[in-house]
Amino acid sequence: MKQTSSQPRLDGKIPGRIKYTFAFGALGKDMIYGMIATFSMIYFTDIIKVNPVFIGVMFFVAKLWDAFNDLFMGMIVDNTRSRWGKFIPWLVIGTLVNSIIFVVLFTDFHLNGVGLCVFATAAYILWGMTYTIMDIPYWSIIPNLTSNPEEREKVSVLPRIFASIGQSLVIAGFGVQIIEALGGGTTNQAGYHRFAIIIAIVFILTIGITVINLPKKRDDSVPEKKVKFKDIFSIIGKNDQLRWAVTLIFLYNIGIQCIMGVATYYFKYVCGNAGMMSSFMISASIAEVVGLIVFPKVAKFLSRKTSFLLACLLPAFGLVMLLLVGIFAPHNVVLTSISGVIVKLGTGLELGCATVFLADVVDYGEFKLGTRNEGVVFSLQTLIVKFTAALTALGIGAALGSTQYIPGQEQSFATVASISTLMCIVPAVCMLIAYVVYRKKYKLNDGMMKKVINTISARREGKIDMTQQLDESGNTEPSMFLPTVAEKAGK
């Protein structure tokens with residue numbers, strides 16, 4: 001990324017125009033993602049009538065492929081050298097191509113049998129691959145905007161707020177009503193198609209505003225190295241904090257993906273009223289935005305450790321409450337909404353934490369290895385999201401198929417029980433395990449990050465070399481990673 005007069009310094013404040021227009025891009029980006037995450041499975045099974053077991057297996061294979069494909073895209077981004085930097089070209093290409101495929105996916109070509117299965121598979125795989133093209137460079141921009149801890153927390157939270165508005169409030173909260181209004185009912189395919197066209201237009205407009213306002217020149221002080229595919233595994237292997245950050249994000253995302261993937265089925269068949277999903281999601285999405293807004297303040301006064309503890313405990317409590325409401329008062333809108341508020345207040349804190357974790361890991365990688373690999377690091381985030389989505393899709397498909405799920409009919413006790421377990425129990429357990437991993441293995445606290453930032457700033461300014469690092473007070477000391485540096489220099 002190159003420098004212009006408006007570009008922030010590594011340790012400085014980010015101009016408001018850059019900060020807010022960058023965040024605005026997440027609105028359309030996550031509307032399109034939210035439509036796929038929330039409605040694609042029920043669209044395939046209930047609207048165009050693809051076998052749910054086939055869809056579960058297909059989603060698993062497609063998302064598994066797409067997850068590992070993210071690593072290739074991360075490598076491509078890190079190796080990109082253009083007059084617009086390494087992020088913007090892929091933002092533009094990915095957004096335009098993905099928008100077209102997204103609309104095609106929600107278009108009814110009146111296929112059936114093998115042809116329908118082939119169409120569903122091809123459209124879904126292509127959508128995931130083209131979304132990767134723009135998603136990885138989008139999030140990879142964050143650690144290049146600033147390393148100031150408070151500014152980083154703000155710039156990490158802002159796009160998550162817009163993403164929550166797009167995905168949780170607009171799509172999950174009002175999606176059912178919008179589809180019904182556009183198509184004359186939730187069982188009418190036309191509503192899905194028309195809504196997809198509107199979302200695609202919003203997607204292109206919001207990312208366009210982001211691209212126009214981002215800095216487009218390259219910063220020559222940033223250390224760069226061509227990344228080969230084999231280097232990806234070395235980057236992951238030598239960056240211990242990257243591995244643990246990915247592990248806890250993986251565990252947490254299993255919970256999030258279970259909730260997103262099965263929510264429509266839960267409210268339609270367990271609670272007996274698909275419309276209750278709106279009550280849950282609207283209140284939940286507002287709470288998630290609140291969680292994101294208060295994250296910088298919580299992290300400042302209660303520490304990131306406490307922030308992440310709340311991010312894990314609150315959803316677990318809210319999901320247990322939702323399970324009990326589903327059993328004893330399935331039509332109680334107030335209690336369902338309160339459950340959603342508790343769950344999403346916690347996930348809002350987690351979204352802020354996770355983005356900061358990965359941005360810190362990028363700096364830690366430069367501190368330890370001497371190169372910045374934003375594309376690879378943030379490709380692991382999308383890899384985890386898609387891999388967990390693959391696992392949950394496989395689990396949902398298997399659960400529906402093994403319990404004799406029949407679209408649009410009253411379900412058996414086994415089907416209801418499996419849906420409730422995937423919605424409430426599995427996510428709560430995974431989130432609690434994630435906190436255990438964080439406490440025991442993740443060490444990039446405030447003191448460590450101060451040392452990391454002091455060192456990489458001094459190296460860029462030529463004050464110290466790769467054999468040295470600075471402590472929290474700015475004093476020089478030998479690098480604890482000298483063997484790694486010496487090995488690298490020998491090559």
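**Helix H10 and its neighbours**

Start with H10 and H13. From H10, the residues Phe-280, Arg-304, Lys-305, Phe-308, Leu-309, Cys-312, Leu-313, Pro-315, Ala-316, Leu-319, Leu-322 and Leu-323 meet a set in H13. That set is Ser-420, Met-423, Cys-424, Ile-425, Pro-427, Ala-428, Met-431, Leu-432, Ala-434, Tyr-435, Tyr-438 and Arg-439. Contact means heavy atoms within 4.5 Å. Helices are DSSP runs (H or I, at least four residues; strands are E, at least two), numbered from the N terminus.

Nonpolar covers Ala, Val, Leu, Ile, Met, Phe, Trp, Tyr, Cys and Pro; charged is Asp, Glu, Lys and Arg; polar is the others, Gly among them.

A word on the model. It is predicted, with local features needing pLDDT of at least 70 and side-chain atom pairs 80 or more, while totals for chains, interfaces and linings use all residues. Numbering runs from 1 along each chain as its sequence is written, and side-chain values use heavy atoms, without hydrogens or water.

Now the geometry. H10 spans residues 276-328. H13 covers residues 413-441, and the two pack at about 165 degrees, axes 10 Å apart. Axes are lines fitted to C-alpha atoms, for helices over the stretch in contact, with angles from 0 to 180 degrees between N-to-C directions. The pair is therefore roughly antiparallel. The cut-offs: under 35 degrees is roughly parallel, over 145 roughly antiparallel, 65 to 115 roughly perpendicular, the rest oblique.

How does H9 pack against H10, and at what angle? H9 is residues 240-270; the angle is about 25 degrees, and the axes are 9 Å apart. So H9 is roughly parallel to H10. H9 brings Leu-248, Tyr-252, Ile-259, Ala-263, Thr-264, Tyr-266 and Phe-267 to this contact. H10 answers with a list including Met-276, Met-277, Phe-280, Met-281 and Phe-308. This contact has 17 nonpolar, two polar and no charged residues.

Next, the core. The largest nonpolar core has 149 residues. A nonpolar core is a set of buried Ala, Val, Leu, Ile, Met, Phe, Trp, Tyr and Cys residues joined through side-chain atoms within 4.5 Å. Met-35, Phe-44, Phe-102, Phe-308 and Met-423 have the most contacts inside it. Take Met-423. Beyond four places in sequence, Met-423 touches Ile-259, Val-262, Ala-263, Tyr-266, Phe-267, Phe-280, Leu-319 and Leu-322.

Some single residues. Val-289 sits in H10. Its relative accessibility is 15%, so Val-289 counts as buried (buried is under 20% relative accessible area, exposed over 50%, partly exposed in between; 1.4 Å probe, protein chains only). Leaving out residues up to four places away, Val-289 touches Ile-161, Ser-164 and Ile-165. Its C-alpha is 6.3 Å from that of Gly-348, 59 residues apart along the chain.

Ile-249 lies in H9. At 3%, Ile-249 is buried. Beyond four places in sequence, Ile-249 touches Ala-354, Leu-358 and Ile-384. Ile-249 and Tyr-438 are 189 residues apart in sequence, but 9.7 Å apart C-alpha to C-alpha.

Thr-95 is in H3, residues 88-105. Thr-95 is also buried, at 3%. Neighbours within four places aside, Thr-95 contacts Met-134, Phe-203, Ile-204 and Ile-207.

Last, two loop residues. Lys-49 is between H1 (16-47) and H2 (52-79). Its phi is near 65 degrees, positive in a residue other than glycine. Is Lys-49 buried or exposed? Exposed, at 57%. His-110 lies between H3 and H4 (113-140). His-110 has phi near 55 degrees, again a positive value in a residue other than glycine. At 67%, His-110 counts as exposed.
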